[in-house]
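Here is a short briefing to read alongside the model. Have a look at the sequence and the fold below, and then we can walk through them together.

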Amino acid sequence: MPMIADRRVLLLGIALAFAICSASAQSIVPPATPSLATIDWSKSELITITMTDYEFTPRHLAFRRGLPTRLHLVNDGTEIHDFTAPDFFKTIDLRDPSVMRSSGIGIPVDPHQRKDVEFIARMPGRFGLICADHDWAGMTADILVE
Ligand SMILES: [Cu+2]
């Protein structure tokens with residue numbers, strides 16, 4: 001009889017420990033974000049960055065985490081420029097990943113061309129942005145996700 005009582009106490013203890021662990025695990029899961037398929041991209045926040053020879057305008061970009069965003073890349077220069085931000089791209093979900101081509105770290109834009117990049121930023125932080133072709137000329141900027 002004491003053996004059975006001990007076993008019940010043990011099982012109760014395990015169940016309680018499991019309940020506490022599940023509850024704390026749930027509390028650290030970030031708020032649910034809609035899957036890409038259900039997002040209304042027509043409501044994207046539009047942010048434009050212009051690339052010239054050799055600078056980004058503006059030099060500080062700010063995006064809001066969790067909101068659909070449309071980044072409009074404009075190349076008003078005479079050379080190809082590249083929106084290169086490897087750490088930033090690791091933290092976003094692109095609507096159309098093929099916009100990256102195969103590089104995975106940047107988006108090239110030909111002279112006098114435009115490109116739209118739609119995404120949802122998933123993590124807050126500050127990220128470096130350069131033109132991989134012209135960072136030596138000071139073509140650098142930064143990205144804030146808040
Ligand atoms: Cu460039």
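Two strands pair if DSSP finds at least two bridges between them. Helices (H or I, at least four residues) and strands (E, at least two) are themselves DSSP runs, numbered from the N terminus. By that pairing rule, five strands here form an open sheet of mixed pairing, in the order β2-β1-β4-β8-β6. Please keep in mind that this is a predicted model, in which local features need pLDDT of at least 70 and side-chain atom pairs count only at pLDDT 80 or more, while totals for chains, interfaces and linings use all residues. Residues are numbered from 1 along each chain as its sequence is written.

**Overall make-up**

- The protein has two helices and ten strands, and along the sequence they follow the pattern α-β-β-β-β-β-α-β-β-β-β-β.
- Buried residues account for 22% of the 146 residues; a residue is buried if 20 or more other C-beta atoms lie within 10 Å of its own, exposed if 12 or fewer, and partly exposed in between, with C-beta atoms placed from the backbone.
- Of the contacts with a separation of 6 or more, 73% link residues 24 or more positions apart, where a contact means that the C-beta atoms of two residues, placed from the backbone, lie within 7 Å.

- β1 (residues 45–52) runs parallel to β4, and seven bridges join the two.
- Thr50 is a handy landmark: its bridge partner in β4 is Val74, and Thr50 stands opposite Thr57 in β2.
- At the β6 end, β6 and β8 pair in the antiparallel sense over three bridges, with Asp93 opposite Ile120 in β8.

**The largest nonpolar core**

- A nonpolar core is a set of buried Ala, Val, Leu, Ile, Met, Phe, Trp, Tyr and Cys residues joined through C-beta atoms within 7 Å.
- The largest one holds 24 residues, of which Leu73, Ala85, Phe88, Ile92, Ala121, Leu129 and Ile143 touch the most other members.
- Two or more residues come from each of β3 (60–63), β4 (68–75), α2 (86–89), β8 (114–121), β9 (125–130) and β10 (140–145), and β8 gives the most, with four.
- Ile92 is in contact with Phe119, Ile120, Ala121 and Arg122, leaving aside neighbours within four places in sequence.

- Why does Val99 count as partly exposed? Val99 has 15 C-beta neighbours inside 10 Å.
- Met100 also counts as partly exposed, because 15 C-beta neighbours lie inside 10 Å.
- Not counting residues up to four places away in sequence, Val99 touches Leu94, Ile107, Lys115 and Val117, while Met100 touches Leu94 and Ile107.
- Val99 and Asp116 are 17 residues apart in sequence and 8.6 Å apart in space, C-alpha to C-alpha.
- Met100 and Val117 are 17 residues apart in sequence, with their C-alpha atoms 9.1 Å apart.
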